[in-house]
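Hi there,

I'm passing this structure on to you, with a few notes on what turned up in it. Have a look at it first, then read on.

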Amino acid sequence: MSAPAAQPTSSAEGQEEKDKSLLLRESDAAPERPLDIERLRRCIIEFVHENFLEVVFWQMQTANKDFDEMLGVQAVVLLNKMDEKERGVLLMELVTIVHEASLQWRQEYERVVDAILYYAHAAGVLSINMCVEGLALTADFTLRTIMDPQKWTFIEENIPLMDYKGVRSLFNHRAPYLPYKAELRAPQTYLLYTVIRQPRGKEVLSGLLRQVTHGRTQWDEILSVLISETMAEVQKLPEEVEIPRYQWENLMSIIMYGITQKHINLSRLLSLLSNVLVKTGYRRARDEVMWIMLQIAGTFQPHLQKEQVEEMARLYNLLFSDDVVWTGASDHPSQLVRFLAAACMWNILDGSEGLPPPSECLATQIEFVRSNTGPPDEAMQAVLDNAFRHESPISRNVHAIFQQRLDGQPTDEPHILPYGRAANNKLDAFDMQFLDALTLRAKINLLISTCFVSLHKVDRLPSPACVETCARILTSIEFDYGLTNFIAILNRSITAALSPAPADGLNHKDQCYMLLDLLCYRLPSIPMNFRAAMSHTHDPTPAGLRLCMTIHSAMAQQHVASNHGLYSAMEHTLMRQWAWNLLPDTISLAHLFVDNAFGNTLLNLNSWLVYNPMDNSRAGRLVICPELSSLPLTAQRTAITLEEDPAKAEAFQVLYFSLFQREVHTDFMQMRGQPEMSWMEYMSMPSRQPTILCVIFRYLIESPPEHQMLSPVIYQILDRQTCREHVLAVNALTDYIISQCSAEKNSEEFLPMMIRVLNMMVFHRHVMTFDRLLLSLVLHPATDHASQIAMVIVQALLNCTEINERIDFYCRYIPKRDVDAPEHFRRLAEYHRKFPEMTFAEMANRPPMMAEMVNPRAHYPIYYGSLIERLLPILDFTLARALELQVDNIFSTILTTCGPIYKFHPYPITFLYTILFCMHEQLGHHPRARQFVLAILCQGDQSSLTQSFINDNHQRVYSFEELVYELADRIITCSEFILTPPSYVAPDWRFAEYPPAAQALYLACIELLASPHTPEHIVPAMINLLVSSRAQPPRPYLMLNAIALLLTALPEAYCRVLQNEFLAVIDSGVLAEMTFEEIVFDEFEERQLLQMASRPLIVNVVAQAYWYHSNLTSLSKLISTFAGEVCSRANTENDLWYALRLVVPLLQRCYDWREKVKHEESLKVVSILYTKIGDITERYGDILHGDELCDLLYYFKYMFVGDFLRKEAEAAFPRFPPRMRERLKFYTSFSSNKEKDEDCAAKVSSVSRPDLATLLKTSRANAPDRPADTHVTSSAGDH
């Protein structure tokens, strides 16, 4: 009699479950349920839970038919009052009741709801379409409860009576993803976990989560796991080893982002973490956990709720149940701030609701922090800044100390910047160890209240220490917390620079130049597409794009267009943004400017480069250098064809050169025969301005050495030119010297003379800068022939002593800023003293035969800029152009001379990967490719490349599979690390070019593209590796995903080899030996774990993984060419199923992206499929698995084909087997809905309606055997 004894408990549990079901989702119900539907819903819940004894003693009961009949009658009455749309709403409410039930009660809900559907259909108020759909949707496809065979018999018998809309509705609800796991369509927790834990992984979350329209992503659970597993790794470290903070910095960044974006429920996260730590006992990294809590408290203190504060306090009490003793050095900032993190948090939250009194040990620490009133040392400064709000007296005192550390005293001797500009004499910036000891709130306060204030002082320029500290803070915190403020200040500074300078104080243009110098050389690439999600701005334009638009507009204004220094700073800022942004950002930038006023620049390229430059009216709206305006397009490696007919362009170029030489000769003779005072008037004529540098060049080349000094009038003419006019003059000089080289018969004698004069013009007479001349030589020539001549000139210039001296000094004596900033500033000033770049005004005022005299007020304050830094983006395009023209000797010269500069390149991996990817046909697998890679990446003692590549270019590997395994394993290792990444990864992800996994991926691509091994070697090796036992780690998908990522990141040639491998499987006939189940239902994971992987399965899986990781461009190519070819090559039914295993999900993916992928391509594939089924039928007489093919064809029709292929289907179906034609009889039926309804009604009336009691009895008979006491026990356990 155990069951009756359990009755009170079960009754209480049943009542609790009933109340829970009644209240479920009521707060989330939107829109509110109609009253009648809500009444039926409550009746169903009451019936299930009030009759729990019927569930317990089901073997001893007959069906409670009377009450079931009452539910049925109530449903029939309700349905009679509804139209078709309202009946659909009621049906989905009934289905929802079943799916919201707990596992224990689900089968009972399904039984009752199914009975109501049977009853309503038998009563004639529910169509066969809706009845079958409802029965199918209430089924438990997870198989956690037993399926009802009577239901599926009913569905199978009645599907032929349904019209096409009913069948389509079924397909919409249960998409045919077999043999693909259905859960792969849902938001992936493990995928989200993998992305989040990778440094900077949150940057791709907007794209990853864009299709999640309901529900909650499991951030809280994932982060609790991430924190606990990181603590577990720390627990394994020896006691004497300091805790690595690589991943802790990442975790802090993720949590702050998640809270701001409302992905995280802070109370839930802390509760989950506390529960985990209670069970695990991890304590060694507790200071790191409390450091994160302090960050949260400091940043979000005004918004914290009572329960959140309570959970933070609970977490502290759990972690610090014992007394804590300080064991570190008191002058170690990062250790001290973490030790006192809890005390600082309590101090910040003092007075907050829910904050309990501190423990005795914690109270002692809090008192220590509050009583520290003396002059604090550096570590204590960080503690106090973290512990007090910025408006408190203690915080103001700390920031006064910070201000003095950055600015010094007014009586201190100034530091002399390049060209004699005086600044505050502080060179030691705050090091990163100290800055990382500050909370995010303290960093932002230091940035805004101290650094930005110093940047705008009017009495003296800010110190190098202040500028460098500002740069370090901006690069170490989230974009929206730092760079958005910086961009806002820069925008205001640019606006101020356009106005007249004040009578006294710091010039607005100086301030603008300082900020541009900082942005250009310390923050070289702002994400173009970033929108300030955390700020309150209402401007939808991304911050990076908005800044570029502001700079571009300012360059057209008079105060900038006539200011060569400020114009150059803006120009190089844009150049770096465009040269080093990733491809999506570059595309956005190009589209934005083409669609706006900047489109005039790109459209006027022909006017600048081909037509007569004397005609200034053609380029009247151009505000920047045409070479610079072409960078967004060149960065995409998009060929700019200036003329449709290359031969016509060459002929026009020859004609233009001859006319232009005549113009230069005329101007030269005019100036030679006129007094100096009349030169100004003559060269001021608009038609004469572009020839000024050509005239200077001819004057210097024809004059003896003793008469090669330039008159001050020449410099006055140059000084009066606008920046745009100067660009015209440099481009004209480029055209002139190219034409001279083409026309000169004795070019071997003329070239050295020309190079000597060009060097004199640049480095001794200062009529133009070397970077301006190099940019013009590389990007200005309009034909390949002219470009080849220009490259010869570039090679000769780079072999000259003048430029080599500058490169040697810069690379040998100037350290990197992150290594030794004070020495960097000292050496940079020395470099500018040794190699000054004089302005036109200085040269005009220089006494004859005297050395250069620097006027400090003629130069802007320089903290980072130099000729070498300005050369970097131009050298990128110089190398690319040399490779395009296939001039190997010139390419080698550039690498030899300029290779050492690349240790200062901020994005060397991006540069290498872009060149090797886009020039794979010209450069890939060539010896110069390895030379190229080693020259760029092997500039120091450490290299991120593999030793096999550095030593012998992967030519001594045991096998190609071994090579693939080594590179793929690096990707896996960089993706799966928990605490610290491998040694070949950048030690701090905040300053790295890429996060660890992306760095490993792109370096692997670089090594493969530079190695002598072609795609024909590598792709089969990838497949063989997956077939072999070595590629079977505990999680088989790791190696598969690493290989798929490699394939998607490599050029299209690798994809073609993979496609050929797939087609080879079909052509080989090996599929004839496989069964239908092996082809369609074999799972990669299961086969790998059993070590039974077959090559056909692996090829198919790799192809699927490839397109799954592919971008839109690759996806469009796959569907437009490869998918159709695969179906066409199928000659047997097995071949066709093998092809469909790849093609079906590919078609679905294209349908999901139908707004971006052409729909016509999918239609072509389905049309080919119609034809191929007919061909196979005619060849073999029948299709063994025709029912499955019919299911797929119906799915194609109802999901994305529709009636577009009606004619093709009607023409193809007569060739199908009779059984398939019978199943497809509704495929091309287009009778009216009324006729169909009448036809269905007639068919239904001829079918005997099922007896409700029989159905209920059968449903109960199919319930699992479960003793009554077991059921009651499980019920109590669930609640």
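Let me start with a question: does Glu1052 count as buried, partly exposed or exposed, and what is its relative accessibility? Glu1052 is partly exposed, at 39% relative accessibility. Its salt-bridge partner is Lys1117, with the closest N and O atoms 3.2 Å apart. That pair links helix α57 (residues 1052–1068) to helix α61 (residues 1112–1129), across 65 residues of sequence. Lys1117 is partly exposed too, with a relative accessible area of 40%.

Please keep in mind that this is a predicted model. Its average pLDDT is 79, and 76% of the residues score at least 70. Residues 528–540 fall below 50, although this stretch has 30 contacts in the model beyond near neighbours in sequence. Where pLDDT is low, the coordinates should not be read in detail.

Back to the charged pairs: the whole structure holds 51 salt bridges. One of them joins Glu288 and Arg338, at 3.1 Å from N to O. Glu288 sits in helix α16 and Arg338 in helix α18, so this pair ties together parts 50 residues apart in sequence. Glu288 is buried at 2% relative accessible area, and Arg338 is buried at 4%.

Another salt bridge pairs Arg870 with Asp771, at 2.9 Å between the closest N and O atoms. Here helix α47 is linked to helix α42, the two residues being 99 apart. Arg870 is buried at 12%, as is Asp771 at 5%.

Finally, take a look at helix α64: 13 of its 16 residues are buried. Just after α64, Gly1202 has a positive phi of about 60 degrees.

Enjoy exploring!

Conventions:
Residues numbered from 1 in each chain as written. Predicted model: local features only at pLDDT ≥ 70, side-chain atom pairs only at ≥ 80, totals over all residues. Heavy atoms only, no water. Buried < 20%, exposed > 50% of the residue type's maximum accessible area, 1.4 Å probe, protein only. Helix = DSSP H or I, 4+ residues; strand = E, 2+ residues; numbered from the N terminus. pLDDT = per-residue confidence, 0-100. Contact = heavy atoms within 4.5 Å. Salt bridge = Lys/Arg side-chain N within 4 Å of Asp/Glu carboxyl O.
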